[in-house]
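Please look over the sequence and the model below before turning to the notes.

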Amino acid sequence: MIPAVAPSLLPLFVVIPLLGAGLLVLARQRAVEVALLIAVPIVMLLGSIWLLLYHRTEPPLSHAVGGYVDMLAIPFVSDSLSALMLLVTSISTLAASVFLVLTGESRYRFVPPLVLLLTAGVNGALLTGDLFNLFVWVEVMLMPSYALIAVTGTWRRLGIGRLFVLVNLLTSTILVIGVGFVYGTAGTVNLAALAGAGSENTVTAAALAVVLLALAVKGGMVPVHSWLPRAYPATSAGIMALFSALHTKVALYAMYRITAIAFEDGLPFLSVLVVLVIVTILVGAFSTAGTNRIRSAMGHQMVAGVGHILLGLVLLTEVSFAAGILYLVHHVVTMSALLLTTGAIEHTYGSGHLDHLSGLARRDPWTMGILALGLFSLVGLPPTSGLWGKVGLMRASAEQATAGDALLGWAALAAVVIASVASLLGLQRLWRGLAWGEDMTVYRPDDPTTGRGTDVPLPDDVRIPWRLLAPGAAMMALSLAIFVWIGALLPAVDSSAADLLDVGSYVEAVMNE
């Protein structure tokens with residue numbers, strides 16, 4: 001029996017990281033920075049587990065902060081889906097934070113408080129019940145991200161940082177304009193008060209479409225996706241692991257939430273969204289083969305993952321929603337494992353380019369084993385979580401083909417299968433470049449005055465240390481655990497989809513508060 005959760009505790013998911021960030025700005029001591037950088041995600045993890053267990057039997061929780069006028073407050077709302085998202089993002093944040101400590105990147109100025117501020121924004125966006133506050137929390141996420149993306153101060157990262165800032169400032173402007181349109185047409189931006197509004201009023205539906213457009217760009221959906229595989233790989237591996245698990249996934253979560261609440265009868269622009277989602281899946285998968293850098297390939301796979309997650313949204317059934325949520329969980333876990341393992345390779349050998357890496361299967365077999373399992377998971381092969389993610393989407397597509405819209409169902413099913421084959425071919429090229437070939441060499445100058453020299457074999461004692469592999473290995477172990485104990489995860493996923501579609505309980509919880 002899980003003890004009752006007081007709704008007034010929900011703001012602590014934001015307050016604790018914010019207080020931690022403020023404390024680290026004032027007390028810049030290495031031991032305190034490391035302790036809080038690791039402890040805060042652990043506290044968030046434990047709190048999300050408590051919430052998830054509580055929502056197995058209990059309805060949504062709601063708490064309004066500063067509600068001096070009815071429906072005008074800062075609402076925090078929790079259900080199974082938000083609890084599951086808090087759990088997954090907390091796990092990935094913990095793994096990335098440990099990696100930042102191990103590589104020494106947490107020593108850079110203000111990195112720990114920036115990570116905690118990012119965590120506060122993520123938690124606020126996952127728990128908010130108001131579109132304007134969603135915009136606010138997204139901005140809270142972005143402010144530290146602008147600094148984190150260029151934290152080392154290299155010119156390349158500063159240049160990519162400008163791209164990241166430009167894209168997000170533009171989409172944030174579109175988002176707040178869309179929120180203003182919603183308020184002008186519906187008289188409110190509270191999600192509970194907007195229940196069914198998109199189906200009842202075409203003008204409100206158009207305003208909500210502007211909000212969804214901004215979130216789709218932030219998520220990395222085609223045709224406005226190219227910024228993602230350019231910007232994310234230019235950061236460090238630890239920061240990219242943070243961004244991949246938090247930024248895009250919060251945007252996709254918000255799209256699920258808004259669609260389920262405001263469009264009870266389905267999206268009026270569904271046919272356009274279906275085409276874009278299918279193209280996103282295929283473009284991300286086929287683009288993987290066109291890069292010579294490991295994390296650039298992962299960036300394109302992130303785009304493909306966005307398409308797979310949104311496929312569950314456009315199929316518009318409870319089964320497809322559950323499949324999309326399961327794929328989201330799998331994608332966060334798998335991408336964290338791959339990016340952190342790639343980061344260990346880059347930190348040890350100084351490069352993530354295939355031209356500079358080879359023979360790792362002989363030199364670092366355990367590293368390549370972890371990497372192989374991660375690539376299996378992206379393709380959807382056992383024994384990884386990717387199998388169940390792909391099976392769930394294929395099942396939802398097949399049900400749509402036989403019992404609903406046949407064209408949509410078969411097109412979705414074909415997209416998943418074709419993308420899996422394309423990803424397999426692209427990732428096989430990546431594997432071949434890393435695993436086989438001659439052992440790596442280093443350049444040794446013979447004449448310091450002319451710079452002439454020769455390439456000599458890399459010393460045998462250069463190996464990736466286990467401590468750097470630990471975060472990625474832990475996330476890969478979680479992916480394997482999901483494959484083995486999928487029966488334990490499915491009830492939480494099904495409950496999340498059911499809570500998402502149970503708009504009445506959501507509205508009742510908010511209105512009663």
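Predicted model: local features only at pLDDT ≥ 70, side-chain atom pairs only at ≥ 80, totals over all residues.

The secondary structure of the protein chain comprises 20 helices and 4 strands.

**Overall form and surface**

- Taken along the principal axes, the box filled by the C-alpha atoms of the protein chain is roughly 75 × 60 × 45 Å.
- Of the 513 residues in the protein chain, 58% count as buried.
- When contacts between residues at least 6 apart in sequence are considered, 79% of those in the protein chain join residues that are at least 24 apart.

**Buried residues in helices**

- P41 is placed in helix α2, which covers residues 30–54, and its relative accessible area of 2% lies under the 20% cut-off, so P41 counts as buried.
- Not counting residues up to four places away in sequence, P41 touches L36, S90, T93, L94 and S97.
- P41 and P491 are separated by 450 residues in sequence, and their C-alpha atoms are 24 Å apart in space.
- L489 belongs to helix α19, residues 486–501, and with a relative accessible area of 16%, under the 20% cut-off, L489 is therefore buried.
- Leaving aside neighbours within four places in sequence, the contacts of L489 are with L326, V329 and I482.
- Although L489 and L326 are 163 residues apart along the chain, their C-alpha atoms are separated by 8.7 Å.

- T235 is located in the loop that runs between α9 (227–231) and α10 (237–262).
- The relative accessibility of T235 is 1%, so this residue counts as buried.
- At a distance of 2.7 Å, the side chain of T235 reaches the backbone oxygen of Y232.

**Backbone geometry in loops**

- Most peptide bonds are trans, and most residues other than glycine have a negative phi.
- The peptide bond from V222 to P223 is cis, with omega near 10°, and P223 is found in the loop between α8 (202–219) and α9.
- A cis peptide bond also leads from P382 to P383, where omega is near 5°; P383 has its place in the loop between α15 (365–379) and α16 (385–403).
- L316, a residue other than glycine, has a positive phi, near 60°, and lies in the loop between α12 (294–315) and α13 (318–349).
- The relative accessibility of L316 is 30%, which falls between the cut-offs of 20% and 50%, so L316 counts as partly exposed.

Key: Residues numbered from 1 in each chain as written. Heavy atoms only, no water. Helix = DSSP H or I, 4+ residues; strand = E, 2+ residues; numbered from the N terminus. Buried < 20%, exposed > 50% of the residue type's maximum accessible area, 1.4 Å probe, protein only. Contact = heavy atoms within 4.5 Å. Polar contact = N/O pair within 3.5 Å; in protein donor to acceptor, adjacent residues only side chain to side chain.
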